[in-house]
Amino acid sequence: MTTDQPAALASTLPAPRSAPVPPLPPGRDPAPRCGFLAKAFGITAVLSAAGSGLGLLRDLLLARYFGANQGTDAFLVAWTVPETAAPLLIEDAMSFLMVPAFALALVLREEDPDAPDPVRQLVRATLPWLLLALSGLALAAALGAPQLVELLAPGLPDPGLAVDCTRITAITVLPFGLVGYLAAALRAHHCFTAPAGIYVAYNLGILALLLGFHGHLGVRSAAFGVALGSLLMAGLLIGPFLRRLRRGQAATGRNRRSRRTLVLMPLALLPVAAFTLTRQAQVFVERYLGSALPPGTISHLNYAAKVSQLAMTAAILICTVTFPLVARALAAGDLAAARDRVEKDLGQAAAVVLLGTAFLMACAPSVVSLLFERGAFGPSDTAATADVIRVYSFGLPAQALTGVMIRPYFSLRPVVRRADDPRTEDGGRRLLDWYPAAAMVLGLGVTVAVGLLATSRFGALGLAAGNAAGITTTAALLLRGLVLRGIPLRLSRVLRGHGRLVAAAAGATVLGIAVAGLADDPLLSTLLGGLTVALAFAALGTGLGAREVRGPVLAAARVLNPPTGPLNQQTGPLDPPTVADEGKLPHGQ
C-alpha cells in the first residue's frame with residue numbers, strides 16, 4: 001500500500017475486461033448466487049425494522065417522559081452531534097469511501113490470490129490513522145460543547161443542559177467511526193447480518209438507561225444511553241470483522257510481493273465529507289431557525305422527521321444491499337451492469353418510498369395520535385407534528401433517491417486505486433468529485449431561502465417546506481450528475497417510470513385521506529387508511545404500467561392462483577448469476 005496525491009493519479013475506472021473469469025480458488029469470496037439479494041435484503045430488512053422499531057420506542061418514551069419542552073429541545077440540540085456523526089461515519093461518507101475501497105481490494109485478491117492480501121494491506125494503511133483522527137474529533141467536540149450549542153441554537157433560554165448533553169454525546173464520534181469502517185468491510189464481503197443489527201444494539205443501550213434512570217437524570221439519561229449504545233454497536237462488529245480478516249490471511253500467500261497493489265488517495269475523503277456535512281446542514285438550519293420559535297418547535301420537527309424517515313428506511317435498504325455489487329462492477333470496469341443495477345435501484349426505491357409517502361399523507365394525524373399522544377404529549381402536539389409530517393413527505397422521494405444515487409457516484413473515484421493503472425486523470429474529472437457537494441450547497445441555499453421566507457408566517461411548516469424543496473433540488477441535480485460522471489443512465493426511461501409511480505401515489509393519497517377520515521379511533525383510522533392506500537397504489541401502479549408495482553402484483557396473483565396446466569421443464573441446470581449479471585436478469589429490466 002502506497003500513498004499518492006490526486007493530481008497525478010490514474011482514473012479509478014479500469015478498462016472493461018472481456019476475458020472469462022477464472023474459477024474460484026479455495027478460500028476466495030464467492031460471487032453472489034441466486035437468491036443472494038433476496039436473502040441479504042430479508043436479513044437486513046428484518047434487523048433494520050427491529051432497530052427502527054426500537055428507535056420509535058425510544059422516541060415514544062422521550063415524548064411520554066418529557067413531552068415537547070425546553071428540556072427535550074436542549075437534548076435534541078445535543079443530539080446534533082451523533083446525528084451528524086452517524087451519516088458521516090456510519091451510513092454515508094464512510095460507506096461511500098470504504099465499500100468501494102474494500103471492493104477493489106477484493107477484486108485484486110481474486111486476480112492474484114497467491115499474493116499478500118490486499119484487504120489486510122488496506123486495513124493497515126487506513127485504520128490506525130482513522131482511530132487517531134476520530135479520537136481527536138471526539139475530544140474537540142466535548143471541549144467545544146458551549147460554542148457548539150451557541151452556534152446551533154442561540155435562542156435556547158437555558159443552554160446549560162444542552163452543553164452537558166453535548167459533552168456526553170461527543171463520545172459517540174469514535175465508536176461511530178469504527179462502526180462505519182467495520183460495516184463497510186463486512187458489506188463488501190457480502191456479510192450483512194452484523195451490520196444490519198447495529199441499530200438494534202444502539203437503541204437497546206439508549207432504552208436501558210432511559211428506562212432505568214429517567215427519573216434521576218432527566219433527559220441526561222438519554223444522552224448517556226446514546227453514548228452506551230454507540231459502544232455496543234462497535235462491539236457487535238469487531239468479532240465478525242476479525243474473522244473475515246483472518247480468513248483472508250489464510251487464503252492468500254505471503255511469500256512474494258503482489259503485482260497489483262493499491263494506492264491510497266487520502267484527498268478523496270474531502271468531497272465525500274463535504275457532501276455529507278452539507279446534507280446534514282439541513283438539520284442545522286432547522287435547529288437554528290427553530291430555536292427562535294415557541295418552545296417545543298424543535299421537538300415537533302424531530303418527532304415528525306423520525307416518523308417520516310420510517311417511510312424512507314426500506315427504500316435505502318435496497319441500495320444498502322446492492323451497493324457492494326455496484327462497487328464491484330465498477331471496480332471490474334463493467335459499466336453496463338452498474339447502470340442496470342442503479343436504474344433498478346432507483347425504480348424500486350421510488351416505489352417503496354412513494355407508497356410510504358402516500359400513507360403518511362393520508363394517515364399522519366391518526367399515526368401521530370396512536371404513537372405519541374399520551375403522558376406529556378397532548379393533542380396540540382399531535383396536530384402540530386402531523387402537519388409537519390405532511391409537509392416533510394413532499395421531500396421523502398428526493399431523500400431516498402439521493403441516497404441511491406450518491407453511492408455509485410463516489411464509487412467511480414474511491415479512496416484507493418490500482419497502482420498499475422497507467423492512465424492519468426484530467427482536471428475536469430477531479431472537479432466532478434465536488435459535483436455532489438455543489439448540488440447539496442444549492443439545495444441548502446433553497447432550504448435557507450424558503451425557511452427564512454416562510455418561517456415568520458408558517459412557523460415549523462415553513463422549515464419543513466424548506467427542507468423538502470432543498471433536497472428535491474439536490475436530487476434533480478444528482479440525477480444529471482450520474483450521467484456526467486460516466487454511468488450511462490437512460491434518463492428518459494427512469495423519469496417515465498417515476499412519473500407513473502408518482503401518479504399512482506397521488507391517487508392512493510386522495511383515496512386514503514377520504515377513507516381514513518371515516519373513523520375517529522386512531523387505530524381504526526390508520527388501518528383503514530393504510531389498507532386503502534396499499535390497495536389503491538397496487539391497482540393504480542399496475543394499471544399505469546409501473547414495472548416496480550406490476551411485477552410484485554402479478555407475482556402475488558400467481559401465488560394466489562397457480563396455473564393448473566403442465567409446467568415447462570428446464571432442459572438443464574441454470575448457472576448462478578455473477579455480480580455483473582445481477583443487473584441484467586430479465587426481471588431487472
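**Note on helix packing and burial**

1. **H14 against H21, residues.** From H14, the contact takes in Ala-351, Leu-354, Leu-355, Ala-358, Phe-359, Ala-362, Cys-363, Ser-366, Val-367, Ser-369 and Leu-370. From H21, it takes in Pro-522, Leu-523, Ser-525, Thr-526, Gly-529, Gly-530, Val-533, Ala-534 and Phe-537. Contact here means heavy atoms within 4.5 Å. By class, this contact has 14 nonpolar, 6 polar and no charged residues. Nonpolar covers Ala, Val, Leu, Ile, Met, Phe, Trp, Tyr, Cys and Pro; charged covers Asp, Glu, Lys and Arg; the others, Gly among them, are polar.

2. **Basis.** This is a predicted model, in which local features need pLDDT of at least 70, side-chain atom pairs count only at pLDDT 80 or more, and totals for chains, interfaces and linings use all residues. Residues are numbered from 1 along each chain as its sequence is written, and side-chain values use heavy atoms, with hydrogens and water left out.

3. **Overall make-up.** The protein chain has 22 helices and 3 strands. These are DSSP runs numbered from the N terminus (helices H or I, at least four residues; strands E, at least two). Of the 589 residues in the chain, 57% are buried. Buried is under 20% relative accessible area, exposed over 50%, partly exposed in between (1.4 Å probe, protein chains only). Take the contacts between residues at least 6 apart in sequence: 86% of them join residues at least 24 apart.

4. **H14 against H21, geometry.** H14 spans residues 335-372 and H21 spans residues 522-544. Their axes come within 8 Å and cross at roughly 165°. Axes are lines fitted to C-alpha atoms, for helices over the stretch in contact, and angles run from 0 to 180 degrees between N-to-C directions. H14 and H21 are therefore roughly antiparallel to each other. The classes are: under 35 degrees roughly parallel, over 145 roughly antiparallel, 65 to 115 roughly perpendicular, the rest oblique.

5. **H13 against H14.** H14 also packs on H13, where the axes come within 7 Å and cross at roughly 165°. This pair, too, is therefore roughly antiparallel. The contact of H13 with H14 has 22 nonpolar, 5 polar and 2 charged residues.

6. **Ala-349 in H14.** Ala-349 is found in helix H14. Its relative accessibility is 0%, so Ala-349 counts as buried. Leaving aside neighbours within four places in sequence, Ala-349 is in contact with Ala-315, Ile-318 and Val-404. Ile-318 is 31 residues away along the chain, yet the C-alpha atoms of Ala-349 and Ile-318 are separated by 6.8 Å.

7. **His-300 in H13.** Helix H13 (residues 297-331) holds His-300. The relative accessible area of His-300 is 13%, so this residue is buried.

8. **H6 against H7.** H6 (residues 145-152) and H7 (residues 160-169) have axes that come within 9 Å and cross at roughly 120°. That makes H6 oblique to H7. Ala-145, Pro-146, Leu-148 and Val-149 in H6 meet Ala-162, Val-163, Thr-166 and Arg-167 in H7. These residues divide into 6 nonpolar, 1 polar and 1 charged.

9. **Ser-230 in H11.** Ser-230 sits in helix H11 (residues 220-251). With a relative accessible area of 0%, Ser-230 is buried. Not counting residues up to four places away in sequence, Ser-230 touches Thr-172, Pro-175, Phe-176 and Tyr-202.

10. **Leu-209 in H10.** Leu-209 belongs to helix H10 (residues 198-217). At 18% relative accessibility, Leu-209 counts as buried. Neighbours within four places in sequence aside, Leu-209 is in contact with His-214, Ser-221, Phe-224, Gly-225 and Leu-228.

11. **Ala-50 in H1.** Ala-50 is found in helix H1 (residues 36-66). Its relative accessible area is 34%, so Ala-50 is partly exposed. The C-alpha atoms of Ala-50 and Gly-197 are separated by 8.3 Å, and these residues are 147 residues apart along the chain.
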